[in-house]
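Please look at the sequence and the three-dimensional structure shown here, and keep both in view while you read.

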Amino acid sequence: MQLEKITKRFIELYGGNSKDIRFFSAPGRVNLIGEHTDYNGGYVFPAALTMHTLIAARKTGGNTINIAATDLPDRVCLDINNLDSYRQLKWGNYQAGVAYIMQQEGFEITGCDMLYHGDIPYGAGLSSSASIEVATAFALATFSREAKEDNSLIELVELAEIGQRAENEYAGVNCGIMDQFSSALGKKDNAIFLDCKDLSYSYVPLRLKDKKIIIANTNKKRSLQTSKYNERKAECDAALGQFKMVLPEKEFLGTVTVEEYLQYKKLLIIDETIRKRAKHVIFECDRVLKSVNALEKGDINTFGELMIQSHYSLRELYEVTGVELDTLVEEALKIKGVIGSRMTGAGFGGCTVSIVEDGAVDRFINTVGKAYANKIGYDATFYISDIGDGVREIYI
Ligand code: GLA
């Protein structure tokens, strides 16, 4: 939807004219490798998409944050003096959670009208929720600074942390920081190599030459609130507890090395499930390091191999794939010109990411699409993804 149309809808909903309307945008993300490692203080390697959430917003000076979306009938009015009371909202709880946490952190939350518009498929594992959180945090931080006449720059890492806290403390999902970090700090044509134990990061240019990143959406709806996501986190915490008996200095499972795992895995033998979860996390972190290394050398084939290993590990050891994701990957790997393919995001449905040679893209979409529909009974959706920038205000 064009900005003009969004502006028109904004005025229909909230009145006034276009003069004071501002636009804020935050992207979704695709994780290239490093899955279920972020909440274990491990490595991830995501990139921001050009698909995004856009907010048209205007300060009102009142006591409410009024929110609406271009594709939903819901209209929600959040009382800024009572932000703790919107946890049960079906739509609007991410915005309320962000405003609530920011207020606690000393931001001056001011009344405003907001209209949300997004093109990230909802619930597909491309971080539509993180993009809502980060865009909201950026808009509210901008208004807060203006209210305080504070000219300092907005701290993007802080915004990512606020988004994650809103998800953890308000929406009840114990997610890591990868999604919010990518949405806040993404950079066009670059992936982010992020070490989640201390949030140190660097950008790695994605020089894919004659290849494309294809995202395939299973269209299987799932929600992390009802999935086994929190259960997996608890299993990893249990594994860390076991390792701490011999490696007391370890604060995160993701910092246990492959060598340490091989040396001490006997400790985990009493519970096979915990051992499998730990093995995935520890080897996945190692795969991220190898991937970054390979890509820096331009060795895309090694990266492709690591993607495939990652998927198999998520299927066999972490058990978060399912027939829809497995079918997409299996069918992708049958096609000549596919360099690598794996599930991306939390799993349990959602999307796969594949690296495909330009000449094989149409064949990939047709062949994988047909095989998927035959086996699963409904269609997958394919996107050729461009890597975009992180959160920002859009000036027109
Ligand atoms: C979801 C979470 C992230 C991360 C991934 C799995 O996207 O929000 O923090 O844990 O799952 O890698």
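What follows is a guided walk through selected parts of this model.

This is a predicted model, in which local features need pLDDT of at least 70 and side-chain atom pairs count only at pLDDT 80 or more, while totals for chains, interfaces and linings use all residues. Residues are numbered from 1 along each chain as its sequence is written, and side-chain values use heavy atoms, with hydrogens and water left out.

We begin with helices that pack against one another. Helices (H or I, at least four residues) and strands (E, at least two) are DSSP runs, numbered from the N terminus. Two packed helices are described by the angle between their axes and the distance between the axes. Here axes are lines fitted to C-alpha atoms, for helices over the stretch in contact, and angles run from 0 to 180 degrees between N-to-C directions.

Helix α2 (residues 93-104) and helix α4 (residues 156-171) have axes that come within 8 Å and cross at roughly 110°. The two helices α2 and α4 are therefore roughly perpendicular to each other, on a scale where angles under 35 degrees count as roughly parallel, over 145 as roughly antiparallel, 65 to 115 as roughly perpendicular and the rest as oblique. The crossing in which α2 passes α4 is right-handed; a crossing is right-handed if the near helix is turned clockwise from the far one by less than a right angle, and left-handed if anticlockwise. Contact (heavy atoms within 4.5 Å) is made by residues of α2 including Y94, V98 and I101 with residues of α4 including I162, R165 and Y170. By class, the residues of this contact of α2 with α4 divide into ten nonpolar, three polar and three charged, where Ala, Val, Leu, Ile, Met, Phe, Trp, Tyr, Cys and Pro count as nonpolar, Asp, Glu, Lys and Arg as charged, and the others, Gly among them, as polar.

Helix α4 also packs with α3, at an angle of about 125° and with the axes 9 Å apart, and α3 and α4 are therefore oblique to each other. In this contact S129, E133, A137, F138 and A141 of α3 meet L156, L159, G163 and E167 of α4, a set made up of five nonpolar, two polar and two charged residues.

Is A141 buried or exposed? A141, whose place is in helix α3 (residues 128-147), is buried, with a relative accessible area of 0%; buried means under 20% relative accessible area, exposed over 50%, and partly exposed in between (1.4 Å probe, protein chains only). Leaving aside its neighbours within four places in sequence, A141 is in contact with M102, F107, I154 and L159.

We turn next to charged side chains. Side chains of opposite charge can pair when their charged atoms come close. A salt bridge is a side-chain nitrogen of Lys or Arg within 4 Å of a carboxyl oxygen of Asp or Glu, and by this rule the count comes to 31 salt bridges. In one of these, the side chains of R29 and D179 meet at 2.8 Å, N to O. R29 lies in strand β1 (residues 22-33) and D179 in helix α5 (residues 178-185), so the pair ties together parts that are 150 residues apart in sequence. R29 is buried, at a relative accessible area of 3%.

In another salt bridge, R145 pairs with D150, with the closest N and O atoms 3.7 Å apart; R145 is buried at 14% relative accessible area, whereas D150 is partly exposed at 28%. K334 and E331 form a salt bridge at 3.0 Å, N to O, in which K334 counts as exposed at 62% relative accessibility and E331 as buried at 17%. Salt bridges also link K228, E231, R232, E235, K276, R277 and E319 in a network.

E331 is one of the buried residues of α10. Eight of the eleven residues of helix α10 (residues 323-333) are buried, so α10 is largely enclosed by the rest of the structure. Its cover includes β8 (211-217), α9 (300-316), β9 (338-344), β10 (351-357) and α11 (361-376).

Finally, consider the backbone in two loops. Most residues other than glycine have a negative phi, and most peptide bonds are trans. H36, which is not a glycine, has a positive phi of about 60°; H36 is in the loop between β1 and β2 (43-59) and counts as buried at 4% relative accessibility. D189 has a positive phi near 60°, lies in the loop between α5 and β6 (190-195), and is partly exposed, with a relative accessible area of 41%.
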